[in-house]
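Take your time with the picture, then follow each solution step by step.

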Amino acid sequence: MALPYWWQWRVEKWKNAMRGFFGGSDQQPRPKLCPACGALVGISATRCHECGASLRFSLAALSKRFSGIFGEQETPATTALLIANFLMFGVSWVLTMQVGEASGLRTLWGMSGAASYQLGMSVPLRYLLQDHQWWRVVTAMFLHGGLIHIGFNMMTLMQFGPALEELYGSARYLFLYVVTGALGFVTSAFTGHFSLGASGALLGLIGAMLAVTTKRGGSFMRDLRSRLITSVVILFVIGYMHFLAIDNAAHMGGFAVGFVLGKIYNDRQPMNSREKQKAYALGWLAGIIILSSFVLMILHFHDALPGR
């Protein structure tokens, strides 16, 4: 069966992006833009004549190639986060099936606790200190407790993520997401919680959005600020009612850090090569933190297998 046209176009984009990432391409050579400053450079140029950035090995060049994997769009980081969350949910579901806990409608609201622990859920501070497993505060933000949990969180990600990524640029947006999510779980660990989910990072996005509204005038911003504050207050009230398994500590930590970063960030994308280099450095730092955390999780999971 042939793929729909949209998916054929998307697959072709991914193929071209991957060929470009590893240095191959079927397209004719043509002038290109410097990824650091946006200047037009020649076909055979290896360094920008305006800012001096390498067109092959700089952080800007590598970031451009990596984001191209997700096609020509304005929000590659949000797409990558969406994919990563659903991928980890799939892994959790497989492990839950293996232990016989995925029968009926259980996956709507509950996954195997053992699987979640093995895959890196956040734990109370004393266990983080005792076992030196700080990577859990990162891996936990990609795990969810069921279909309802991930469904609500990913809808929230798609509601706020693209707008902030277009505002800040993909690199600073990814740094915002990772830092707020991780520090949210650090706050949760201090209060003695076992926890998982993207909501700490999502509250970080909401906190940054609220900070943006405080720096801008107009009726739209006032209305948006009012709705954001109302939504956050309702969420915290529900959490304190213990009606649902909501980790208010992670939410508060993520929200506070997001608000602070929203106050610090310029409400625009990086404008010149210096700003772009700083932004790319933050983005790659966030990416390295995610990758290294999952590597440590995999090593821990492998060592925990029976017979190891």
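**Exercise 1.** Where do Arg-227 and Asp-223 lie, and how do their side chains meet?

*Solution.* Step 1: both Arg-227 and Asp-223 belong to helix H10, 4 residues apart, about one turn of the helix. Helices here are DSSP runs (H or I, at least four residues), numbered from the N terminus. Step 2: the side chains of Arg-227 and Asp-223 form a salt bridge, 3.0 Å from N to O. A salt bridge needs a side-chain nitrogen of Lys or Arg within 4 Å of a carboxyl oxygen of Asp or Glu. Step 3: Arg-227 has 42% relative accessibility, so it counts as partly exposed; that class falls between buried (under 20% relative accessible area) and exposed (over 50%), with a 1.4 Å probe and protein chains only.

A note on the model: it is predicted, so local features need pLDDT of at least 70 and side-chain atom pairs pLDDT 80 or more, while totals for chains, interfaces and linings use all residues. Residues are numbered from 1 along each chain as its sequence is written, and side-chain values use heavy atoms, leaving out hydrogens and water.

**Exercise 2.** Which residue forms a salt bridge with Asp-267?

*Solution.* Step 1: the partner is Lys-215, with the closest N and O atoms 3.0 Å apart. Step 2: Asp-267 sits in the loop between H11 and helix H12 (273–303), and Lys-215 in the loop between H9 and helix H10 (219–240), so the pair ties together parts 52 residues apart in sequence. Step 3: Lys-215 is partly exposed, at 35% relative accessibility.

How values were computed. Helices (H or I, at least four residues) and strands (E, at least two) are DSSP runs, numbered from the N terminus.
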